[in-house]
Structures are given as C-alpha cells and as structure tokens.
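Please read them with the coordinates open.

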Amino acid sequence: EKEKIESLNDLAPVVELYHHMVRAGQFDAACNLFYDRIQNILYFQFGAYTSTIELLRALFPDGENQPPRLVKESDQAWALNTFASAYSMNGEPRRAVPLYEMNNDINENTSNKKNLAAGLRNLADDQFKIGTLGAAERNLRRSNDLCREIEDEFWEAVGRCYIVRVYAYLGEWQKAEEEAAASLVITEKISHFQNQGITWAYRALHALLMARENPKSKINNLKSAIQSALRALELAEEDARTDYPVERDFVRAHWLLGASHRANGDLEKAEKHLNESPRRCRAINLVEIEANILLENSKLLYAQGKHEKALNYAQEALTITERSGYVLQGADVNLWLAELALEGYRFDPSTSSGQEVENKELAKEYAQKALQLAHCDDGPPYHYKVAYEEAQALLEKLKE
C-alpha cells in the first residue's frame, strides 16, 4: 500500500529503496519504482526538481550524453523526457535541450508519432527560452504536422498555442493572431478551459509587444492586452472550478494583467496583480516566469518613485536570466537596466556631471548586451524583434 506523503521526509524509505536498486544494478526496477512511487510526488506535489534530477541521474551511469541504462526503448524515452522536464522546470533549459533531442531520436526510430509530436513541443519550449527561435518554430511546425497526420486535434491546438508566443517575439503579428484563433476554434469546441486560458495569455503578451513596437496604436493594443489577460485569468478560475487548479496559469495571468495595467498607467491595479503573481510563483518554484515578474515590479516601483528598490528588483531579475540562460527575458532586463542607468543621474540630485558620463557608459554596456541577446542564435528574421529595435534606438540615442 502506498504511503500518505505529506512531506519529503515521508518519501525517505522509498527513495532509500530506489538507491539500493540502483547500486545493485537493477536500473529497470528502479525506474519502475520512480515512476510509480516518486515522480508525481516530487514533480507535481512539491516542485522538488533538484531532487528529481539527482535521483534520475543515477539511471544514466554512462553520462547524460548517453541514453539511460534501461532495456526498453520506451522506458529510455520516458526517463529522458522526465529528466529533461526536471531540468527545464529547475531553470536549466540548456541542459534540457540535448535530453529532449535524444528522447525525440528514440521516438523517431520507433515511429511513435504521438510521443515525437509531444517531444518536439517540449524541445521547442526550451529552445524558445534560450533564444533559438528558428529551431523552435521549425519543431513546433513539425509537431503540428504530425498531429494532423495522426488526427490528434487537441494536441495540434496546443502546438498552435505554443507557436503564438514564438511569432509574437519574432514580430510576426498576423501569423501569431492566426495561430491563436485556430487554436481557440478547437479548444472552445471541446471546452478545454486550460488551453484556452494559455492562448488568451499569449494573446495578451502579443498585444503588449505590439504596444511597444508602435506607439501610435499603443492605447488600443494595451486595451487588448488587458482584456486578453483578464480572459486568461477567468479561464484559469473556470478550469480550477471544473477540473483542478493549475497554479502556473494563475501566475502567468496575474503577471500579464499587472504588466498591462502598469503599461497603461493604472498603478493601483498593476500593484494588485504584480503582488499576487510572485507570491504564487515562488510557492511552486516557477523559475521560468520569475524574472519577468521581477522586471514588471521594478518598472512599477520606479513609476511609484521607489527608485532604489526598483534597481534592486531589476538586478535580481538579471541574476535569474544569467543563471538560467533565459535569452529573451535577459534582453528585456538589460534594456530596462540601461534605462535606469541613463535616468540615474536625473533621480539623484547629488549626481555630478562626471557621474552622468559614467552612467551613460553603463547604459551603453547594458544596451549592447540587450542587442546581443535580442539578436538570438539565428539573427534576423529569427530574433526578438521589438527588443532588438529598442536596443538599436537606445544605442543611437547614447551616441548623442
């Protein structure tokens, strides 16, 4: 009979048994035990991704660049995918990518089109985080083609939802909207509230980026961003009521709603959501969104006149992006730090003209880093378009 697990200590006897099996060379038995008694508790209940990584590493005695020492190829693929997912959730996407690629190779060789489509989506998600936008788009396109081939309409809708975010960062506004609409047609038909909510969240992100690119349509785009983020929050609540709560969906919706209100100048509403988002984010160790939340809180604090605290939040966000290798978030954080450096001598009345020059040099360093990150691996057209153009404009301004 399975134990009632209320803390990680309650899992200790099962973990000890797992280690005994590994030491005895019983890798397949250990894998089965991990799947049956450990995985869901560590991954979903406690968000203990580091512990998951440490345990799964034991199934790879030949190194992480080799498949796990398991007999069945299906078990090897499962272990690779689970290992990669743990790295991804732990804020280590660059370590996740090669594991996903090995998993996909196995599914390709065994002609498992359903698992290959899923693996390509997972791979693209981490490729997106590290700025390989061209590869992310190609893998999502192939995943969607496979879903159509096997007539898996729902997972095609998920893939089309994922690609909305890629197109938004590429500045492919029309393509992003077309993919969002196509995804919603399917998920609304089957009343899948969670995926609807994610799609509306990416629509909000899409609108926020459009507002940054075109000041002339900023008011309309921010209105669209607020409405889309609000709809994402409503759908997260509906999903929690009819199925079960998915906390990351609440984190994402509150972040985007707060960001939209902040950009629109409604600081009171922005503060409400930007306080709720980090509370929920840290409760589940959701590293992948934390830097974005810190960045928006920094901008909010600056607008409230809390300049020193705003700088601290921005530097904390920078630490996360550098540690995890989050390229797109890193571009945005460096852009904001460049703005703060440039404004530093203005909000500090004691600053001399000499320090003003020093601040401009610091701003230039941050802007150059932002430009480098926004260029991404492939460069135009597979670059973070809005941030790239903003960094170029700021560097031109700094030449004056």
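1. How many of the 17 residues of α12 are buried? The model is a predicted one, and that applies to every point here. In it, 13 of the 17 are buried, so α12 is largely enclosed by the rest of the structure.

2. Just after α12 comes Gly-265, with a positive phi of about 90 degrees.

3. As a general point, an α-helix has 3.6 residues a turn, so residues three or four places apart point the same way. Arg-252 is buried, with a relative accessible area of 8%. Asp-249 is also buried, at 8%. Both partners thus fall under the 20% cut-off for burial.

4. Arg-252 and Asp-249 are among its lining residues, as are Phe-193, Gln-194 and Ala-253. The space in this cavity is about 40 Å³. The count of cavities of 30 Å³ or more comes to 1. Helices α10, α11 (218-242) and α12 each supply at least two lining residues. α10 gives the most, with 5 residues. By class, the lining has 7 nonpolar, 2 polar and 2 charged residues.

5. Now the second largest pocket. Its volume is about 760 Å³. It is lined by 26 residues, and the closest to its centre are Arg-212, Arg-262, Glu-296, Lys-299 and Glu-390. At least two lining residues come from each of α10 (193-213), α12, α14 (287-303), α16 (327-347) and α18. The lining divides into 16 nonpolar, 1 polar and 9 charged residues.

6. Salt bridges number 33 in the model. One of them joins Arg-203 to Glu-177, with the closest N and O atoms 2.5 Å apart. Arg-203 lies in α10 and Glu-177 in α9 (residues 173-189), so the pair ties together parts that are 26 residues apart in sequence. Is Arg-203 buried or exposed? At 14% relative accessibility, Arg-203 counts as buried. Glu-177 is partly exposed, with a relative accessible area of 28%.

7. Lys-385 and Glu-389 are 4 residues apart, so about one helical turn separates them. Glu-389 is partly exposed, at 34% relative accessible area. Elsewhere, salt bridges that share partners join Asp-125, Asp-126, Lys-129, Arg-165, Arg-248 and Glu-288 into one network.

8. Last, a loop residue. Where is His-383 found? His-383 sits in the loop between α17 (353-375) and α18 (385-398). His-383 is buried, with a relative accessible area of 8%. Leaving aside neighbours within four places in sequence, His-383 is in contact with Leu-133, Tyr-169, Leu-170, Ala-374, His-375, Cys-376 and Tyr-388.

Note on methods:
Residues are numbered from 1 along each chain as its sequence is written. This is a predicted model: local features need pLDDT of at least 70, side-chain atom pairs count only at pLDDT 80 or more; totals for chains, interfaces and linings use all residues. Side-chain values use heavy atoms; hydrogens and water are left out. Buried means under 20% relative accessible area, exposed over 50%, partly exposed in between (1.4 Å probe, protein chains only). Contact means heavy atoms within 4.5 Å. On a 1 Å grid over the protein atoms alone, a cavity is a set of points where a 1.4 Å probe fits but cannot get out, and a pocket is an open set with protein on both sides within 12 Å along at least five of seven lines; lining residues have an atom within 4 Å of a point. Grid points are joined across faces, edges and corners, and a volume is the space filled by probe spheres set on the points. Ala, Val, Leu, Ile, Met, Phe, Trp, Tyr, Cys and Pro count as nonpolar, Asp, Glu, Lys and Arg as charged, and the others, Gly among them, as polar. A salt bridge is a side-chain nitrogen of Lys or Arg within 4 Å of a carboxyl oxygen of Asp or Glu.
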